[in-house]
Amino acid sequence: MLLVCRYLLEAFAAAEGLARIAHYPVRTYNGSVKRKRNSRPRIRKAAEARLPTRFGTFRIVGLENARRQWIVALIKGRLSRVRAPLVRIHSQCLTGDVFTSLRCDCRAQLELALEAIARAGAGLLLYEPQEGRGIGLINKLRAYELQDNGLDTVEANRRLGFPADRRNYAFAAQSLRFLGVTKIRLLSNNPDKIAGLERYGIKIEERIPCEPATHRASRTYLRVKKKKLGHLLAV
Ligand SMILES: [Zn+2]
């Protein structure tokens with residue numbers, strides 16, 4: 001019988017960029033299997049600082065949970081003064097956010113969101129390390145390799161043995177609650193994200209499309225997201 005060491009499982013989760021491992025069964029040393037689903041994740045603020053950006057000055061807050069997973073909040077204004085602040089939950093995309101890749105629209109969405117939140121005067125962006133729709137950076141690059149050989153983004157994930165979208169919004173919802181936010185106006189095109197946040201007690205008062213101008217290099221990818229993943233896109 002396989003004994004799963006919790007430490008190794010957490011290291012694996014961190015390496016793969018999984019936001020949470022709460023649904024993984026953990027075999028304890030006495031042999032019983034217990035699920036961690038009901039354990040309440042403790043969130044703490046690890047740091048807070050001022051962050052001037054091209055879109056205005058935000059407060060950057062680093063949050064950690066009991067499993068040492070992190071999430072970053074970029075906060076504009078006084079959230080407590082707004083009934084339902086404007087929120088973007090952005091999944092990390094190294095290739096798009098940092099290298100300005102046009103395979104996806106992540107960087108354009110990130111910029112649109114920061115600009116909209118700055119303009120609104122109060123709101124926040126949560127940046128979560130769920131790279132490659134939750135499969136991790138290296139697997140995302142493997143999926144790109146398969147896409148270069150003719151597969152689309154969903155087929156590539158499945159060829160690698162993953163679901164089309166592996167993300168989970170529990171940690172994001174818990175982080176919002178930690179920051180005192182339970183009602184939001186969400187910048188998103190993704191119905192799964194809305195359902196995922198509502199499942200964990202966040203009320204979405206309004207969905208605001210997050211559709212920057214598209215580059216022709218990302219159009220095929222966006223059409224697949226619309227057709228196969230149900231994203232609410234005009235492409
Ligand atoms: Zn991306």
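**Overall architecture and packing of the predicted model**

The protein contains 9 helices and 9 strands. The structure described here is a predicted model. Of its 235 residues, 32% count as buried. Among contacts with a separation of 6 or more, 57% are made by residues 24 or more positions apart.

The pairing of strand β5 was examined next. Strands β4 and β5 run antiparallel and are joined by 6 bridges. In this pairing, I60 has L74 of β5 as its bridge partner. The hairpin formed by β4 and β5 has 4 residues between the strands, and R68 in this hairpin adopts a positive phi near 65°. Strand β5 also pairs with β7, again in the antiparallel sense, over 5 bridges. Here K76 is the residue whose bridge partner in β7 is G123. Of the 7 residues of β5, 5 are buried, and the strand is therefore largely enclosed by the rest of the structure.

In soluble globular proteins, nonpolar side chains tend to be buried together. In the present model, the largest nonpolar core comprises 34 residues, of which A73, L124 and A172 touch the most other members. Two or more residues are given to this core by each of β4 (56–65), β5 (70–76), β6 (86–91), α3 (106–120), β7 (123–128), α7 and β8 (183–187). Helix α3 gives the most, with 6 residues. When neighbours within four places in sequence are left aside, A172 is in contact with I71, I89, L126, E128 and L197.

Helix α7 spans residues 170–178 and includes Q174. Q174 is buried, because 21 other C-beta atoms lie within 10 Å and the threshold for burial is 20 or more. The C-alpha atom of Q174 is separated by 8.9 Å from that of I202, although the two residues are 28 residues apart along the chain.

A residue of strand β8, L186, was considered in the same way. L186 counts as buried because it has 21 C-beta neighbours inside 10 Å. With neighbours within four places in sequence excluded, the contacts of L186 are V87, I194, I204, R207 and I208. L186 and A84 are 102 residues apart along the chain, yet their C-alpha atoms are separated by 9.2 Å.

An α-helix has 3.6 residues a turn, so residues three or four places apart point the same way. Just after α5, G150 takes a positive phi of about 110°.

Technical notes. Residues are numbered from 1 along each chain as its sequence is written. This is a predicted model: local features need pLDDT of at least 70, side-chain atom pairs count only at pLDDT 80 or more; totals for chains, interfaces and linings use all residues. A residue is buried if 20 or more other C-beta atoms lie within 10 Å of its own, exposed if 12 or fewer, and partly exposed in between; C-beta atoms are placed from the backbone. Two residues are in contact if their C-beta atoms, placed from the backbone, lie within 7 Å. A nonpolar core is a set of buried Ala, Val, Leu, Ile, Met, Phe, Trp, Tyr and Cys residues joined through C-beta atoms within 7 Å. Two strands pair if DSSP finds at least two bridges between them.
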